[in-house]
Amino acid sequence: MDLDVLLQATKKQLKPERFEHTLRVVDTAVELAKRFGADPPKAKIASILHDYCKFWSREQLTQWIKRCQLPLDLLEYHKEIWHAPVGAEVAREEFGIVDEDILQSIRSHTVGRPGMSTLEKVVYLADYIEPGRRFPGVDEVRRLAEIDLDVAVLQAMDNTILFLQSQQQPIYPLAIAARDELKRMLSGKRLREESV
Ligand code: DGI
Ligand code: FE
Ligand code: FE
């Protein structure tokens, strides 16, 4: 895979600040991949393409969602979440990416999903903590990302869901399912550790 081709193609799709965000996600994801045992070259490819469709029109995204038989319930939620699943389809069709873990990492980078792989979590977290981000609570997630991938991802998901709820935004069901699965998994782990 020629990364320069992917980078140039992505650059053409994005406003300059958004492309700078993408470059910071790439660096952050590579660092996290090394730290938590994901494949850095795959983290790079997924990160370069993760926001490829960020500025596509409602019409273009809707067309891809229908043609690629993506879940139609997406259309009942905020347009902001559409660029992730469509991005995975573009990665496959236009750039010939077949690695399911890379495609899934692009697909789940906005809302997550239950059963995320290490690579998916790395890309999700890199998108949230890249050094240009200024969300309330992001420093705490950066600190957790030094130590534990699951705990950091859970905190990022929780922050996002709570923020969107405070804005009266509907939450896509997969986002809740992803957050709750991690929460259950981590509280189970804590109970097992306490009982030994
Ligand atoms: O594309 P980025 O800005 O780098 O980041 P992103 O893909 O994580 O998030 C894009 C937007 O999607 C962000 O403003 C928050 C929003 N979002 C994430 N999950 C949900 C959501 N919006 C709604 N309505 N529901 C969700 O579950
Ligand atoms: Fe995104
Ligand atoms: Fe992003």
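Modeller: Buried means under 20% relative accessible area, and exposed means over 50%. The model discussed here is predicted.

Biologist: Why is His21 called buried?

Modeller: The relative accessibility of His21 is 3%. The cut-off is under 20%, so His21 counts as buried.

Biologist: What makes His50 buried or exposed?

Modeller: His50 has a relative accessible area of 0%. Buried means under 20%, so His50 is buried.

Biologist: Which protein atoms are called donors of the iron ion (ligand 3), and why?

Modeller: They are NE2 of His21, NE2 of His50, OD of Asp51 and OD of Asp127, lying 2.2 Å from the ion. The limit for a donor is within 2.8 Å of the metal, so these atoms qualify. Along the chain their spacing reads H-x28-H-D-x75-D.

Biologist: Why can His21 and His50 be said to tie parts of the chain together?

Modeller: His21 lies in helix 2 (residues 16-36), while His50 lies in the loop between helix 3 (40-49) and helix 4 (58-67), so the pair ties together parts that are 29 residues apart in sequence.

Biologist: How do you know whether His83 and His109 are buried or exposed?

Modeller: The relative accessible area is 4% for His83 and 2% for His109. With the limit at under 20%, His83 is buried and His109 is buried.

Biologist: Which residues of helix 4 are buried, and why are they said to line one face?

Modeller: Leu61, Thr62, Trp64 and Ile65 are the buried ones. Viewed down the axis of helix 4, they fall within an arc of 165°, so they line one face of the helix. They pack against helix 5 (83-95).

Biologist: What is on the other side of helix 4?

Modeller: Glu59, Gln63 and Lys66 are exposed there. Just after helix 4, Gln69 takes a positive phi of about 50°.

How values were computed. Residues are numbered from 1 along each chain as its sequence is written. Chains are lettered from A and ligands numbered from 1 in the order in which they are written. This is a predicted model: local features need pLDDT of at least 70, side-chain atom pairs count only at pLDDT 80 or more; totals for chains, interfaces and linings use all residues. Side-chain values use heavy atoms; hydrogens and water are left out. Donors are N, O and S atoms within 2.8 Å of the metal (3.2 Å for Na, K and Ca); water is not among the atoms, so sites may look incomplete. Helices (H or I, at least four residues) and strands (E, at least two) are DSSP runs, numbered from the N terminus. Buried means under 20% relative accessible area, exposed over 50%, partly exposed in between (1.4 Å probe, protein chains only). The arc is that of the directions from the helix axis to the C-beta atoms. Contact means heavy atoms within 4.5 Å.
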